[in-house]
Amino acid sequence: MMPGRFGLQVNSAPPRLRTVGAIAAVAGALGAAGAMILRPPWSGAERARQAVLAEGRTFYQQHCARCHGANLQGQPNWQRRLPSGRLPAPPHDASGHTWHHSDRVLFEITKRGTAAVVGGGYESDMPGFAGVLKDEEIRAVLAFIRSTWPERERRFQERVSATDREAQ
Ligand code: HEC
């Protein structure tokens, strides 16, 4: 039996579970290989994607980090309202709720600011970046933010975005 992360459990598991473990391990390896085949690191598409993410990271550090944190961690006590009655900047990592929103909503908030998107006199410290960042620059920042999320949050947000697109 190969030593490994699941070595101990697999060794002591009943034969059927051992088979399940082996199938899961093979499926995992095939999944990773599949991603490499579909989008190998040396392909033009993958290099273009990496370039957009690098650009997005730079824009993030220049325009977003001072409020949302250099590591996307948000402001301290971000769930508690400030004395002004407004909300602090939430994290953009998986501990926040950015990943609950569709691509369209995230784009609108970033371009127009939260107050304009919510409407009805809602007050917010989240500025709009229209006139500061071009549309494709906003998309690059959001692509960078999405790229930092674990698989589960990314999948969830993809589904929210797909549902939102169908509703438009
Ligand atoms: C001056 C501080 C400040 C800067 C700079 C800033 N934000 Fe924000 N952002 C906020 C605050 C505060 C909120 C919460 C607003 C609210 O809910 O009323 C917020 C909320 C958001 C949200 C909604 C998140 C959610 O889960 O509801 C997004 C998306 C967002 N910001 C993106 C960005 C991006 C992208 C940048 C950089 C291009 C940026 N912000 C720069 C302060 C800022």
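**View 1. The largest nonpolar core of this predicted model holds 14 residues.** Within this core, the residues with the most contacts are Tyr 60, Val 141, Leu 142, Phe 144 and Ile 145. Helix 3 (44–63), helix 5 and helix 7 (135–147) each contribute at least two of the core residues, and the largest share, six residues, belongs to helix 7. In soluble globular proteins, nonpolar side chains tend to be buried together.

**View 2. Tyr 60 and the residues it touches are shown in close-up.** When residues up to four places away in sequence are left out of the count, Tyr 60 touches Ala 65, Val 141, Phe 144 and Ile 145. Of these partners, Val 141, Phe 144 and Ile 145 are also listed, together with Tyr 60 itself, among the residues that have the most contacts inside the largest nonpolar core.

**View 3. Helix 5 has buried residues along one face.** The buried residues of helix 5 are Leu 106, Ile 109 and Thr 110, and, seen down the helix axis, they fall within an arc of 95°, so they line one face of the helix. An α-helix has 3.6 residues a turn, so residues three or four places apart point the same way. Among the elements that cover the buried residues of helix 5 are helix 6 (114–118) and helix 7. Helix 5 is followed by Gly 113, a residue whose phi is positive, near 90°.

**View 4. The ligand is surrounded by 23 residues.** The closest of these residues are Cys 64, Cys 67, Ala 89, Ser 124 and Met 126, while the elements that give two or more residues to the shell are helix 4 (65–68) and helix 5 (103–112). Sorted by class, the shell around the ligand consists of 12 nonpolar, nine polar and two charged residues.

**View 5. Helix 8 (residues 151–167) lies largely in the open.** The number of buried residues among the 17 of helix 8 is zero, which is why the helix is described as lying largely in the open. At 1.5 Å a residue, helix 8 should span 24 Å, and its end C-alpha atoms are 25 Å apart, which agrees with that expectation.

**View 6. The protein as a whole has eight helices and zero strands.** From the N terminus on, its elements run α-α-α-α-α-α-α-α. Of the 168 residues of the protein, 14% count as buried. Among the contacts between residues at least 6 apart in sequence, 46% join residues that are at least 24 apart.

Conventions:
Residues are numbered from 1 along each chain as its sequence is written. This is a predicted model: local features need pLDDT of at least 70, side-chain atom pairs count only at pLDDT 80 or more; totals for chains, interfaces and linings use all residues. A residue is near a molecule or strand if its C-beta atom, placed from the backbone, lies within 6 Å of it. Helices (H or I, at least four residues) and strands (E, at least two) are DSSP runs, numbered from the N terminus. Ala, Val, Leu, Ile, Met, Phe, Trp, Tyr, Cys and Pro count as nonpolar, Asp, Glu, Lys and Arg as charged, and the others, Gly among them, as polar. A nonpolar core is a set of buried Ala, Val, Leu, Ile, Met, Phe, Trp, Tyr and Cys residues joined through C-beta atoms within 7 Å. A residue is buried if 20 or more other C-beta atoms lie within 10 Å of its own, exposed if 12 or fewer, and partly exposed in between; C-beta atoms are placed from the backbone. Two residues are in contact if their C-beta atoms, placed from the backbone, lie within 7 Å. The arc is that of the directions from the helix axis to the C-beta atoms. The expected span of a helix is 1.5 Å times one less than its number of residues.
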